[in-house]
Amino acid sequence: MKNPTVTNRDLTEFLRWVNQYCAAHGRDNRIPDVNGQEWRLQTRQFRRTLAWFIARQPGGTIAGAIHYRHHSVQMFEGYAGTSSSGFRHEVEAEQAIARGEKLGDLILSPAAGQLSGPAAAEAESRLSAFESDVQFLGKVISDEKRLARHMRRHDPHIYPGEFVTCVYNPDRALCRRGDADGPSLPDCQPLKCRNVALTTENADAFLAWLQRMEHALANGVLLAPYVRDRMQQRRAELADFLEAHGISASTPRETSQ
C-alpha cells in the first residue's frame, strides 16, 4: 500500500495534469481553485465517499466494517451516513436502487426460472409480481429515480447475495433480531433458513466453496484435528444441502450474459 504522503502528491500531480489538459484543449471543466489557491487533494477527503460506495454494494456494510477495521457494523453504518445529515437515507436509497437493478437482471436472465432452494417458488412468484408492477420491457429501468420510486412502492423484499438470494419473510427468518425491516446478513444461516432461494450464481458460489474445502481436506495432514473435524462436518452439511436441492458438481450450469 502506498504511503499517504506519496498518494497525496500523486493526487496533486493528477489535479495539475487535468487543469493543464483543459487549458491546452480549451475545455472549461477544470478543477476550480479554492479561495484563490490550487485545491489540495488528500486521501482523507475520499474516505466518506469510499464508505458510501462500499455501503451501496450487497453486503457492503459488512465489507466496510472489515475494511475500516471497525468493531461493529453499526460503527461503519454511522460512518457511511447514519448522522442527522440525511446521508444514511441516501445510502439506503442507493442500496435499494442497486437491489432493484439486480432483480431486473434476474428477471431478464434466462436462468431466472432455474431458482432452487426452499423459497424458490415464492421467489419466482414475487419476481413475477415485481415484473408486472415495474414492467421490465426487455431491459432494466435506466432511470434511477423511477427505479427508486418503484422499489418503494413494490419492493418484493428479495435480497440477492453471493451465496443465497434471501426471500425475506420475518416469521421464518433465522437471522431476525428485534424489529429489523430486513434480513440481518451477518447472522444468515443459509443451510437452515427457509427464506433461502438459490440462483445459478449462488449455486456456483457454493460449489466453489465446496471445492475449496475438499482441496483443504485433501491436504488434511496440515490441519489441526479440531479444524479438520469441523471442516469435514461443514463439508458434509453443505454437500447434503446442495444434493437436497438438485445441485452437484456434475450439474450443468447456465450463466447469464
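Predicted model: local features only at pLDDT ≥ 70, side-chain atom pairs only at ≥ 80, totals over all residues.

User: How many disulfides does a search of the whole structure find?
Analyst: A disulfide requires two cysteine sulfur atoms within 2.5 Å. The sulfur of C175 has its closest cysteine sulfur in C166, at 6.0 Å, which is too far for a bond. Across the whole structure, the number of disulfides found is zero.

User: Is C175 buried or exposed?
Analyst: Residues under 20% relative accessible area count as buried. The relative accessible area of C175 is 8%, so C175 is buried.

User: Which parts does the salt bridge between D155 and R99 tie together, and how many residues apart are they in sequence?
Analyst: The side chains of D155 and R99 meet in a salt bridge, with an N to O distance of 2.8 Å. D155 lies in the loop between α7 (144-154) and β1 (158-160), whereas R99 belongs to helix α5 (residues 87-108). The pair therefore ties together parts whose separation in sequence is 56 residues.

User: Where is I31 found, and which residues does I31 touch beyond four places away in sequence?
Analyst: I31 is buried, with a relative accessible area of 18%. I31 sits in the loop between α1 (4-24) and α2 (47-56). Not counting residues up to four places away in sequence, I31 touches L15, V18, N19 and W39.

Conventions
Residues numbered from 1 in each chain as written. Heavy atoms only, no water. Buried < 20%, exposed > 50% of the residue type's maximum accessible area, 1.4 Å probe, protein only. Helix = DSSP H or I, 4+ residues; strand = E, 2+ residues; numbered from the N terminus. Contact = heavy atoms within 4.5 Å. Salt bridge = Lys/Arg side-chain N within 4 Å of Asp/Glu carboxyl O.
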